[in-house]
Amino acid sequence: MSFAIVTDSLAGLPLAQIAQRGLVVIPLSYTISGKEHLCLAPEGYDSAAFFQTMKLRGEVSTSMVPPHRFLTFLKPLLRSGLDLLFLSASSGLSSSYQSACMAAEQLREEFPQRKLQIVDSLSSSLGQGLLVLRAFDLRERGMCLEDTARTLLSLRHRIAHFFTVDDLMYLSRGGRLSGAKAMLGTALGLKPLLKGDPNGRIVLCGKARGRAQAIGKLADQYNALVRYPGDQTVCIAHGNAPQEAEALAQRLRQTNPPKEILIAPFDPANGCHAGPGALALFFEGDETVRLHP
C-alpha cells in the first residue's frame, strides 16, 4: 500500500465497505438531548430510533469538527511511515475540510518527510462515499498519491446528488438551506427536490406532489444524467425509509441497471439535516451533471 486513504464519517459507508478496504474513518459527533455521541458508520447507531426522535421534535444537532480529532487519527498513520489522502465532506456543508486543513498544517511541520493530500469532495453522505470508493480503485491500479488526488478533484464534479425530504426545516435549521425557501416549501405542502451544486451546497431544483412522484423524478434525473451505469456503483441513502429506498432502486434496475446499488441509512450527522423520510440518490454523470437544472 503506497498511501492510506482516510475520510470522515459523513461519507456514510457501511462497515462492510470500510473493513473490506481497510478504510480509516474519522467519526464525527452528533448530539441527542444534550448528550454527545460518535458514529463511525450507519450500523453504529439505531437509525430508526434516531429518526423517530426527530419526528417527535426531539433535540438533535451536530457541532464543528475539532482539528484535534484529525490529529488523533492521522498522527499514528504518518508515524508508521504512511503517506495520506484525506477526502473530506463538502466544505460548503461541513467544517470537516477546514479542520482537516488546520490539522494538516501542523502535521506537515511535524512529519516533513511524509506526503499529506486533503481533497474537498464537494459531496456528503454516499456521494462522498462514491469518491472514497473511486480512490481505492485508483490506488489499486497503481496510481500514486498526487495523481489520485488530482483525478478525484476532477471526478468530484461528476458526482450527482439528488434527493427529496419530508420537511425542509431540518435543512434550514442546520444552515444548509435558506429559511425563507424552507418555509415556502412547507407551507405549500410540496415534496421538494434538491441537488448538490458546483460549490458543494444544497439547492432546490424542483418539486413533486407526493412521495411517489418524488421518487419518480429522482429516477428521471438518473436516467437523464447517468453515464455508463453498468460500470458503476449507485448509492441510495434514506432517513428510515427502507421500502422507498428499495422502490427507487427497482426503478433504476428496470431502466438503466447499474453494476451495483448500495443502500444505507443516512449517518446521524447527515441525518440531523436531512430529517426523517429523506431519500437521496448518488451516481456518476459527466462534468455537467451539477449544472443540470
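Visitor: Which residues of α3 meet which residues of α4?

Guide: A quick word before the answer: this is a predicted model, where local features need pLDDT of at least 70 and side-chain atom pairs count only at pLDDT 80 or more, while totals for chains, interfaces and linings use all residues. Residues are numbered from 1 along each chain as its sequence is written, and side-chain values use heavy atoms, with hydrogens and water left out. Contact means heavy atoms within 4.5 Å. On the α3 side you'll find Pro 67, Phe 70, Leu 71, Leu 74, Lys 75, Leu 78 and Arg 79. Facing them in α4 are Ser 96, Ser 99, Ala 100, Met 102, Ala 103, Gln 106, Leu 107 and Glu 110. By class, this contact of α3 with α4 has nine nonpolar, three polar and three charged residues (Ala, Val, Leu, Ile, Met, Phe, Trp, Tyr, Cys and Pro count as nonpolar, Asp, Glu, Lys and Arg as charged, and the others, Gly among them, as polar).

Visitor: And at what angle do the axes of α3 and α4 cross?

Guide: Helices (H or I, at least four residues) and strands (E, at least two) are DSSP runs, numbered from the N terminus. Axes are lines fitted to C-alpha atoms, for helices over the stretch in contact, with angles from 0 to 180 degrees between N-to-C directions. Here, α3 (residues 67-79) and α4 (residues 96-110) have axes that come within 9 Å and cross at roughly 45°. That makes α3 oblique to α4 (under 35 degrees is roughly parallel, over 145 roughly antiparallel, 65 to 115 roughly perpendicular, and the rest oblique).

Visitor: How do α9 and α10 cross?

Guide: The axes of α9 (residues 211-225) and α10 (residues 242-255) come within 10 Å and cross at roughly 40°, so α9 and α10 are oblique to each other. This one is a right-handed crossing too. From α9, the contact uses Arg 211, Ile 215, Gly 216, Leu 218, Ala 219, Tyr 222 and Asn 223. From α10 come Glu 244, Leu 248, Arg 251, Leu 252 and Thr 255. Sorted by class, that contact of α9 with α10 holds six nonpolar, three polar and three charged residues.

Visitor: Which residues lie nearest the centre of the largest pocket?

Guide: On a 1 Å grid over the protein atoms alone, a pocket is an open set of points with protein on both sides within 12 Å along at least five of seven lines, a cavity is a set where a 1.4 Å probe fits but cannot get out, and lining residues have an atom within 4 Å of a point. Nearest the centre of the largest pocket are Arg 134, Asp 137, Asp 231, Gln 232 and Thr 233, out of 18 lining residues. The lining splits into four nonpolar, four polar and ten charged residues. Its largest share, four residues, comes from α5. In α5, Arg 134 also takes part in the contact with α6, along with Leu 131, Ala 135 and Leu 138.

Visitor: How many cavities of 30 Å³ or more are there?

Guide: Three. About 210 Å³ of space lies in the largest cavity (a volume is the space filled by probe spheres set on the points, which are joined across faces, edges and corners). Its lining has 21 residues, with Leu 93, Ser 124, Phe 163, Ile 202 and Asn 270 nearest its centre. The biggest contributor to that lining is α11, with three residues. By class, the lining of the largest cavity has nine nonpolar, eight polar and four charged residues.

Conventions:
A crossing is left-handed if the near helix is turned anticlockwise from the far one by less than a right angle, and right-handed if clockwise.
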